[in-house]
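Visitor: Could you walk me through how to read a sheet and a helix here?
Guide: Gladly; let us look together.

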Amino acid sequence: MEFEKFKFMQFTRDIYVGHGVINKAPDVVRKNLLRGNVAIITGHNTFKIAGKEISMLLDEASIENSVFICDKADEENLNKVTREAKEYGAGIVIGAGGGSKIDLAKKTAYNLDIPLVSIPTTPSHDGIASPRASIKRGNWSVSEEAVMPVSIIADTYIMSKVPYRYLKAGAADVISNETAILDWKFANRIKGEEFSSSAAAIAEYASRELVERAHLIMPEVEESVWLVTKQILASGTSMAIAASSRPASGSEHLIAHALETMAPGTAIHGEQVALGCIVAMFLHGKDWKYMENVFKKIGISTKASDYGIRDNIMIEALRTAHRIRPERFTILGEVDLSYHAAESALRITNIID
Ligand SMILES: [Zn+2]
């Protein structure tokens with residue numbers, strides 16, 4: 001029989017991480033812009049933090065650019081910015097912001113089939129280095145296929161300006177790779193889903209590096225941002241190798257996405273993921289207590305009520321999270337967890353009282 005297997009992997013070509021690397025924006029654009037102009041997608045706040053400076057740097061380098069200030073990452077805003085960037089003749093998209101602006105930028109670049117440069121203003125999650133974007137369609141935020149950034153410019157000075165809460169959340173997002181890998185192995189055993197040990201090894205390495213250095217993750221220290229960002233980038237590499245978010249997104253992310261929809265405006269992504277990770281460890285029969293301690297060490301609360309998430313919402317989120325991405329098989333299975341099972345898992349792990 002002929003060998004017909006093939007795989008496509010897309011990697012980020014240039015990664016700049018460190019103090020003041022935002023200055024590299026013109027070089028990166030020159031290298032990756034084949035034709036057209038530069039569309040900078042950013043938000044009101046992130047424009048002040050980074051967008052404005054990027055635009056000025058490009059102006060100084062005589063590179064034609066325009067700033068598109070966007071609101072949340074929903075279908076309406078995505079269609080609007082895609083249309084406007086197309087009319088403008090964008091040949092490259094720069095996403096400058098936290099989660100939602102990078103998501104909009106990623107999806108705009110995907111829609112227009114042009115390269116994306118990711119310039120994160122916060123180290124709060126691994127989306128800054130992943131090939132997927134969360135876009136709200138109707139009531140649900142769905143994680144969709146987008147593009148892998150051709151370049152990531154992670155300026156630790158800029159990122160160290162955000163409140164500590166975001167840094168902790170970013171660390172939690174990477175630490176939770178632990179349960180994502182357990183889910184992936186589980187799906188491999190039960191469903192025969194293809195498993196990449198190299199991708200899993202890198203994702204696990206990123207998680208363990210942060211677990212071991214949890215005591216070094218501190219507020220107002222640029223080096224802490226460096227530490228977390230490095231592992232966010234390693235997580236990104238694992239996703240590039242797997243050509244999917246599998247190594248960094250399992251049941252804990254399904255639970256996080258469910259909370260995002262059912263309890264909006266409460267916990268931020270990394271915090272939701274931490275809650276999901278602890279209960280997922282429990283469901284896998286693993287040492288959830290250890291995970292709880294790791295999150296506590298970096299100052300992440302592991303109680304739903306601390307975020308204003310009501311017990312019944314937390315239970316419903318856990319029961320129904322599997323519906324969000326039915327193709328992503330995890331320990332949550334394919335039918336709703338019984339109310340009793342979900343409630344007791346959350347009580348045992350102290351997530352609810
Ligand atoms: Zn995440």
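This is a predicted model: local features need pLDDT of at least 70, side-chain atom pairs count only at pLDDT 80 or more; totals for chains, interfaces and linings use all residues.

Visitor: In which sense do strand β4 and strand β5 pair?
Guide: Strands of a sheet pair through backbone hydrogen bonds, either parallel or antiparallel. Strand β4 (residues 90-97) and strand β5 (residues 116-120) pair in the parallel sense, over five bridges. Strands are DSSP E runs of at least two residues, helices H or I runs of at least four, numbered from the N terminus; pairing takes at least two DSSP bridges between two strands.

Visitor: What is the order of the six strands in the open sheet?
Guide: The order is β1-β8-β5-β4-β2-β3, with parallel pairing. β1 (14-18) and β3 (65-69) are at the edges with a single partner strand each, so one side of each lacks a neighbour in the sheet.

Visitor: Which residues of helix α14 are buried?
Guide: An α-helix has 3.6 residues a turn, so residues three or four places apart point the same way. In α14 (residues 339-348), Ala 342, Ala 345 and Leu 346 are buried (20 or more other C-beta atoms within 10 Å of the residue's own; exposed means 12 or fewer, partly exposed in between, with C-beta atoms placed from the backbone). On the other side of α14, His 340 and Ile 348 are exposed.

How values were computed:
Residues are numbered from 1 along each chain as its sequence is written.
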